[in-house]
Amino acid sequence: MKAAKSVILYALAILWLVIAGYPYAYMFATSLKDQSGFFQDPTGLIGKYTLDSYKLVFELGLFRYFANSVIISVICVGLVIILACMVSYCLARMRFFLNRPLYFIFIAGMMIPVHTTLIPVYILTREMGLYDQLWALVGPYIAFSLPVSVIILTQFAREIPGELEEAAIMDGAGRTRTFVSVILPLLAPATATVGIYNFIHIWNEFVFALILISTKARMTLPLGLREFYAEFSVNVPGIMAALTLGSLPLLIAYFISQEKVVSGISAGAVKG
Amino acid sequence: MAGDAARIRRQNKLGKGLFLLFFIGPALLIYAVYNIYPIFATFYYSLFDWTGIQAEKTFLGLENYANLMKDRVFFRSLGNNVLLVFASVFTQIPLGLALALLLQSKIKGMRFFRTVYFLPFLMSTVAIAILWMFIYNPTFGVLNGLLSDLGLQSLQRSWLGEKSTAMGAVIATICWQFVPFYMILLRAGLTGIPEELLEAARIDGCTPWGTFTRITLPLLMPTIITSATLSTIGSLKYFDLIFVMTEGGPDSATELMATYMYKQAFRFFSMGYASAISSCMFILAFIAAAAILSLDRVRSRGGY
């Protein structure tokens, strides 16, 4: 009875292992085949491996998309963390009469469908003369990362004992000083979670980039991958190499710090 | 002396005000410009006939909404969104829960299983879409290959190219992407259930199924409600994967409100009409969120 039970459990576990893992393995194995090797055995995982597709993908300019995505993600995540820490400090530690309404406004942002803002953001970006520039993405990305970030950091900042702040003020530190040298270091663990959560979302963001950028050289990775697919749909190993490279940053982050990435992702499920 | 104190207090107040302005101002400005203003602007644009490129707009009042109510493609896309909501809530969450429970059982190599189970959620949606287009490819795709290996050639299809299978194929891919997310959420919920409760139930002779339905499930309800909320709101605004895989085709079989809105705005340049669609999306998301929250309130007042 017990043995039968564990056999069933293993069977289920392996079944889902194949469902979740095979597409990844297929992507990676295909990226290592050459074109004729792929068409001889399109679904197999073993074959003659070569790195030619990776070389090709770089020659065709994948690096440009990659660099754009890195630049935009680093800038936006950095700015969001700084701005959200500043807001959260005020909302969590200071009394002023707009405190509750402001917190509510930031929470409400989680419910806003991106598509409701798409047309006005597009028009606004055109009017500001930012259309088709990488910088056009900074505003929307920060705005849509703020709600979750502010909620997580505010909840975290409320837990900081008041004595630490009082001690700093007794020592003659002003509010800004207290924020920088006392509060910020204490917020660091929550900042890591917020940073990972936002990085994943910004790295993968598609629709704002789609409407705000049209020149190839300024595209981010998700747009670039779609471009690759449109141009080289016959070269399956080439596309798979591009997909593998595009997935690599998050995979590496995941293998370095599984717990952090998992907690960063579930952080999005906070209830206000 | 009293005057001094009053002056210091006033200075302090001014200092605090400036501090708040400096600390909250920048974030609030960006948030207002890119998040709050656009909602009002969308409702405003939806009252006009406008290309978005030329300056002149023609005021239509509610005519865009009247046309929307007669638009069969819009209702098709709304229906697909509703289908997606139900498919997401009733497949992703149960599967996520099943996997979370599986990961709790004491079989060897759980850490490895857990690591692999989570992988789909790490790939970008565009990458997933492209990868699965090859899996569904009619000539050299993985799925048709598998069917032919099993001797089931009669079941082979052009999965994304046929109206009858396209939506199902897309939903399966979305499921593949999001099950790991709910698995993680529900696993966190499961670890919050005190071991003693489960132990006590076992000692009292409760069957595993009884323990699950009478203890685990009720205690997990808050997490399940959160998951259902996220899944519903996410499904109402779903876009990326379907846009890349099918662009809403074939013959609007996989059209969603968001893909339809995108096409009206950025292909046909009917910005007014598209704004009416996105206003409807906003209202529907709002109603759905309010409905779930009030149901949740009724449930928690029910005391379980």
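Domain bounds here come from an automatic or database domain assignment. The model is predicted: local features need pLDDT of at least 70 and side-chain atom pairs pLDDT 80 or more, while totals for chains, interfaces and linings use all residues. Residues are numbered from 1 along each chain as its sequence is written, and chains are lettered from A in the order in which they are written.

**Exercise 1.** Find how far apart the centres of the two domains of chain B lie.

*Solution.* Start with the bounds: domain 1 of chain B covers 2-38 and domain 2 covers 63-301. Then take the centres over C-alpha atoms, and you get a separation of 43 Å.

**Exercise 2.** Work out whether chain B is spread out or compact.

*Solution.* First, the C-alpha atoms of chain B fill a box of roughly 85 × 60 × 35 Å along the principal axes. Next, count its secondary structure, using DSSP runs (helices: H or I, at least four residues; strands: E, at least two): there are 12 helices and two strands. Finally, the radius of gyration, taken over C-alpha atoms, is 26 Å, well over the 19 Å of the globule rule (2.2 Å times the number of residues to the power 0.38) for 304 residues, so chain B is more spread out than a compact globule.

**Exercise 3.** Describe how chain B meets chain A.

*Solution.* Call two residues in contact if their C-beta atoms, placed from the backbone, lie within 7 Å. By that test, 67 residues of chain B touch 66 residues of chain A. Helix α1 (residues 2-45) of chain B gives the most to its side, with 17 residues.
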